[in-house]
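Subject: Structure for you to look at

Hello,

Here is the structure I promised. Please open it next to this email and follow along.

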Amino acid sequence: ASTAQATRIIDDEPHLSGVIVDVAVVNGGSDWDLARYARRRHPQLAVLYITADAAGEWLAERVQDSRLLQKPFRPSGAVREISALSALAEAGPGWS
């Protein structure tokens, strides 16, 4: 989805539990901003970043309690990260 489409979904979906953000250096930081926007709208939102070229920026740009998955990855890696985020989110407020 485009950033505009993703923003509409974030705004319109009252029960959003997680997002996967594909961060690309060529997008000029808008991917990091999208995750921050989503977390502001949904404070307990699970955020998984995937990237091929922006992993070095993750610590500075990430939202708290997010996870990063470096491309290329196996499907089992994605399942593992999503499961870990789900477990954290189920723990409730202060789940870091």
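Which residues of strand 2 lie on one side, which on the other, and are they buried or exposed? Ala 46, Leu 48 and Ile 50 sit on one side. Val 47, Tyr 49 and Thr 51 sit on the other. All are buried, and both faces of the strand are covered. Keep in mind that this is a predicted model.

Now the neighbours. Strand 2 covers residues 46-51. Strand 1, residues 18-23, pairs with strand 2 in the parallel sense, over six bridges. Look for Gly 18, which stands opposite Ala 46. Strand 3, residues 67-70, also pairs with strand 2 in the parallel sense, here over four bridges. There, Leu 48 stands opposite Arg 67.

Next, the rings. The count of aromatic pairs is one. The ring centres of Trp 32 and Tyr 49 are 4.9 Å apart and the planes are at 50°. Stacked pairs need planes under 30 degrees apart and edge-to-face pairs over 60, so this pair counts as tilted. Trp 32 belongs to helix 2 (residues 30-41) and Tyr 49 to strand 2, so the pair ties together parts that are 17 residues apart in sequence. Trp 32 and Tyr 49 are both buried.

One last contact. Arg 62 lies over the face of Trp 58, at 5.0 Å from the ring centre.

Best wishes

Conventions
Residues are numbered from 1 along each chain as its sequence is written. This is a predicted model: local features need pLDDT of at least 70, side-chain atom pairs count only at pLDDT 80 or more; totals for chains, interfaces and linings use all residues. Side-chain values use heavy atoms; hydrogens and water are left out. Buried means under 20% relative accessible area, exposed over 50%, partly exposed in between (1.4 Å probe, protein chains only). Helices (H or I, at least four residues) and strands (E, at least two) are DSSP runs, numbered from the N terminus. Two strands pair if DSSP finds at least two bridges between them. Rings of Phe, Tyr and Trp (its six-membered ring) pair if their centres lie within 6.5 Å; planes under 30 degrees apart count as stacked, over 60 as edge-to-face and the rest as tilted. A charge sits over a ring if NZ of Lys or CZ of Arg is within 6 Å of the ring centre and within 35 degrees of the ring normal.
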